[in-house]
Each structure stands twice: as C-alpha cells, then as structure tokens.
Amino acid sequence: MSVEFWFLIGAALVFWMQAGFAMVETGFTRAKNAGNIIMKNMVHFCIGTVVFSVLGYTLMMGEDIFFGLIGKPNLDLFTHFKEFIASPEEGFTQASYFVFNLVFCATTATIVSGAMAERTKFSAYCVYSSVMCLLVYPIEAHWIWGGGWLAQLGFHDYAGSCAIHMVGGIAALIGAAVLGPRIGKYVTDKDGKIVKINAIPGHSIPLGALGVFILWLGWYGFNGAAATTPSELSSIFLATTIAPAVATCTTLLYTWLKNGKPDVSMCLNAALAGLVAVTAGCDAFDAFGAGLVGIVAGILVVIVVEVLDLKFHIDDPVGAVGVHAANGVWCTIAVGLLANPDAPAGINGLIYTGDFSQLGIQMLGFVAVAVWAFATMLGFFRLLKKKNFLRVEASEELSGLDVSEHGLPSAYPDFMPAVDKYAEFGTGEEIIAVTGTTPPAEAIPVKREPSFDGHKFTKVEIVFNEDKLYALKDAMSKLGITGMTVSHVMGYGMQKGHKEYYRGVAVETDLRPKVQVDIVVSAIPVRDVIETAKKVLYTGHIGDGKIFVYDVENVVKVRTGEEGYDALQDVE
C-alpha cells in the first residue's frame, strides 16, 4: 500500500469524525434539538467545502507571501486541474493535500457547534462556518503547516492541537459567552444576580458514547495520516491510544472521589480531552509522555468545564471549551516539555534534554494563534449579536429548534415527546411550587354520587417502577382482577436531601420513567388490592411508588352498552 493511499484513507477517517461530533452533540443536548444539530453538522462540512475550494485552501497552502502571514490565492483547482492531480516526484498530489486539509478545516468549524447548541440561529451558524473555513482557519494554519512564519521558526503541531482544537475551542468559548446561556440554565433574583445553577442533562448518553468511539477511531487517521514510515505510524498509534485511556481513568477516579460516583458524561469528555492533548506531539511523545499528558488532560477537562459553568456562568452543553481549548493549549505547551528526542519527531523537550528553546517557540505559537482566533471570533460574534442575527427568540428556543428552524416536529417521530421541565423558565412569571403530603385524591373535595345499580366502584391508580409490572400483574390476577390499564408515564425520581451530579452540577429533580396501572373494582375489596400492591412493590428504597384511590361514578362497556357492575364482568 502506497504512502499516499494511506494518507487519503486517513483523510477519510477524519471525515468520518463528523459523525462522531454529531453524535456527541446530539446525545449531550435535548431531543427537541436533535434534528437541528444533525443539520448543522451536515451543512457546515458542505459549506466549508465550497468556501475552502474557492479561497481557503490557497490562503493556507499557496505560495508564501507577506512575510509568512498568508498563502497567495489562486484558482489552480479550477484552472489547472491536470497539474492539480498529477503525481509529483516527491510528496503527494495537490488533490490529496486539498482533501486532507479540507477535512481538518471542517473539524475546526464543528467544535463551535456544541458550545452554542440549542439557542443559535441556523443561519448564523451557516455564516460562521463560511467565515471559519474561508479566512480564520486557513490563515493561522498557513503559519503552522503552509510554510508560514511559525513553521519557519520550528513550531511543532503535528496534527492540530493548536491549529484546530485550540482555535475551535477559543471560538466556542467566545461564541457561548457572547450568545448567553440557555433559558433555565441559570436562575437570577430580581437584581439579576445568579442564585441557582440548573443541570440540563443530555437526552441520550448512549448516542454521546457512540460519538466518542467514532471519534477515537477517526483520531488514528487524524494523528496518523501524515506518517510516512511504519515506525512513525506505530509510535503515533501508541501515543494516540495511551493518552485518552489514561485521561479517562484519571477522570473516572477524580469524579468518583469528588462526587461519590464516577461521572459518565465527564469520562466521555475525558477520552476526547486525552486525544486532543496528544495530537500536537503524537510523533514526539514516548509512552511516559503520552501517559502524563493524559493525566493532566483528565483533571483539566473537569476543572475547566465546572469553572466555566459554576464560576463564570458560561453555558457550554457539551464541554467543547474544556475538551478542545484547554487541552489544545496544554498539548501545544507539552511538546516543549515532554518531547523525547528518541521519538520520530526528534524534538528536544525540556524534561528530557534541559533545552528551553522548543518550549519558547511553542509558547510563542500558542499566544500568536490564540490572539488571532480570539480577535477575529470576538469581532465576528459581536457583529452578529448587534445585528440580532445570532440567537433565536425565547419562544423558539423553548419549543425546540427542530420545529422553529426546520419545521421538524420531532427527530424521533415514533416516540412519545418528552416533557420539557425547563419550559417554565421562559414564561418570565413567578413560578409557585405546590407542595404537600396529602395526595390530590384526598385534598380535593369530591362530590359523591350514588352508583347506577347500587354497587360501589373504586379506581385504584398505582404508579411504580417498570421492573415490577409483571409481578404486580400476576398478583392481581390471583386476586381475581382480570382487567387493568397500563401506561408509561414520567415521574419525579429524586427526593429532598438526595442529590446526584451531572457534569459537576447538582441535579435536584429528574423525570424518570414509571408505569401507571389503573384498576376499577367493585366486588373485590379495595383494601385487598392495596395490600397486594404494597406487598409486591415494596423494596424499602426511595421510589417504590404511590397508590391513589378514587371513587368512580359509573362504568360503561362500549361493545355491549352494559353499565355498572355488569360492565366490569369479563364473562360473556
């Protein structure tokens, strides 16, 4: 297999990472925005391809001009196509370089999507994708990979911790800050001071996990596509495996000790953080260096996600800033610290050689690229906000962007719509919580009417955990009950004083799936039904269920027209 063939296979793996980003973002956000997120991840690549073809690619890889600041624009892709696909004596075809750099460019653009999810206008995201792929990324990538001034100084960013992840992460940070938080994320008092932070869990951790596995697979192409020898490729694969694994283990232990239980979503973020943290130096780290960058990444991602949320009140639903910006910076610096001269890159890291020179170059590159990304993205997002082109209306955000932006009632039409417990925060009115220990059946005065045939009818409503359904059904059948109605419902699953944590934020209440069984009895004593249900459902744990008892005025069998006691009988 030729080196160029592997180069293109690697590019295909990087393209496949778009699916991973789409799944992570979809899983970490609410179902009412799933279609919008899939649309964004599809369209930004397509828009990016168009603008990168027209100008972006040559700004990045064109002949160096203006002292290494940009490449010279040209239209060789369109006007000299024969030469563009011709195989040179050394290196790869221009067509291969184009495809390879395009998929990297698209990766930079997609990072922002998650941090600004659930409240950004689709049109604004399309404009952002154009600007990022047309100007912002190509110019700084020219500095690093196109023969620009940083490349001339010896700056090392093998696969893009700085050029891609840090830039995308900084854009995500600025975008989320300028855009503002999702409705209901932060509760303020009358003076505007934040008094409470709400956790808004994503709707599908399995989708998020699938996305992480897709990204990890794609990262072998992301980091390894440019390798030209088996030794270099195997070294890169080794580092790309060790760092995310160590990062995940670190976060696992850190959140377990901190919160009492390991945090699933944070561990998924940690795997990605470890991948970002090894990318710049994947050809320069040995096994020890890869492990060390993974340890730092596993702690860093948790700290940054929680500090942004709890201290700075910047709402980043997927942790893009903690994963990409923070660890993009960390890896860029780590190359100057942990590069082993025996690794394929042959770079002298400070810890191994005592040489500060590479660390100084890495610091200069990080600062220069960060300033460029910060300045361009801050001006861009502020302009969109000033023109009222950035954020959707509150009513559109509450209803979900699937409906308001795309006319899509639901991304999951075969499933019952979920109850959105945060919609209440958009009313602008004071919300009064009704509490008490008396169930509504007892608290509300009931007008008692005589039954139609002298029999008394009683409805017993039982709400309980799904796993007890068949045991309850069998017990009721033995009691002589042959008819019941079963419904799937959502109920509060948390009790006062019992807290769980989602991404470092306490989850005080949560809607969890329950089963509701309705039984109407007449001849069978109500107390027997209640005691049987209690015996079957009791475990002694919080959430065993509730039983409600109601008087029923009459019963009518539709098929026969029978009423009262006769309507309850199943015997023909």
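This is a predicted model: local features need pLDDT of at least 70, side-chain atom pairs count only at pLDDT 80 or more; totals for chains, interfaces and linings use all residues.

Colleague: Which helix is Thr-110 found in?

Modeller: Thr-110 is part of helix H5.

Colleague: And is Thr-110 buried or exposed?

Modeller: Thr-110 has a relative accessible area of 3%, and it counts as buried because the cut-off for that is under 20%.

Colleague: Switching to cavities. How many are there of 30 Å³ or more?

Modeller: The count is four cavities of 30 Å³ or more.

Colleague: What lines the largest cavity?

Modeller: Its lining has 15 residues, and those nearest the centre of the largest cavity are Lys-185, Asp-309, Asp-316, Pro-317 and Arg-503. By class, that lining has eight nonpolar, one polar and six charged residues.

Colleague: Which helix gives the most to that lining?

Modeller: Helix H12, residues 287–310, gives the most to the lining of the largest cavity, with three residues.

Colleague: Now the second largest cavity. Which residues lie nearest its centre?

Modeller: Phe-21, Val-24, Val-318, Ala-320 and His-324 lie nearest the centre of the second largest cavity, out of 15 lining residues. Helix H1 (3–27), helix H5 (94–115), H11 and H13 are the elements that give two or more residues to its lining. Phe-21 is also one of the residues that Thr-110 touches.

Colleague: How many nonpolar, polar and charged residues are in that lining?

Modeller: The lining of the second largest cavity has eight nonpolar, six polar and one charged residues.

Colleague: You mentioned H11 and H13. At what angle do their axes cross?

Modeller: The axes of helix H11 (residues 264–279) and helix H13 (residues 320–338) cross at roughly 35° and come within 7 Å. The crossing of H11 and H13 is right-handed.

Colleague: Which residues in H11 and H13 meet?

Modeller: From H11 they are Asn-269, Leu-272, Ala-273, Val-276, Ala-277, Val-278 and Thr-279, and in H13 they meet Val-323, His-324, Asn-327, Gly-328, Trp-330 and Cys-331. By class, the contact of H11 with H13 has eight nonpolar, five polar and no charged residues.

Note on methods
Residues are numbered from 1 along each chain as its sequence is written. Side-chain values use heavy atoms; hydrogens and water are left out. Axes are lines fitted to C-alpha atoms, for helices over the stretch in contact, and angles run from 0 to 180 degrees between N-to-C directions. Helices (H or I, at least four residues) and strands (E, at least two) are DSSP runs, numbered from the N terminus. A crossing is left-handed if the near helix is turned anticlockwise from the far one by less than a right angle, and right-handed if clockwise. Contact means heavy atoms within 4.5 Å. Ala, Val, Leu, Ile, Met, Phe, Trp, Tyr, Cys and Pro count as nonpolar, Asp, Glu, Lys and Arg as charged, and the others, Gly among them, as polar. On a 1 Å grid over the protein atoms alone, a cavity is a set of points where a 1.4 Å probe fits but cannot get out, and a pocket is an open set with protein on both sides within 12 Å along at least five of seven lines; lining residues have an atom within 4 Å of a point. Grid points are joined across faces, edges and corners, and a volume is the space filled by probe spheres set on the points. Buried means under 20% relative accessible area, exposed over 50%, partly exposed in between (1.4 Å probe, protein chains only). Lists of a residue's contacts leave out its neighbours within four places in sequence.
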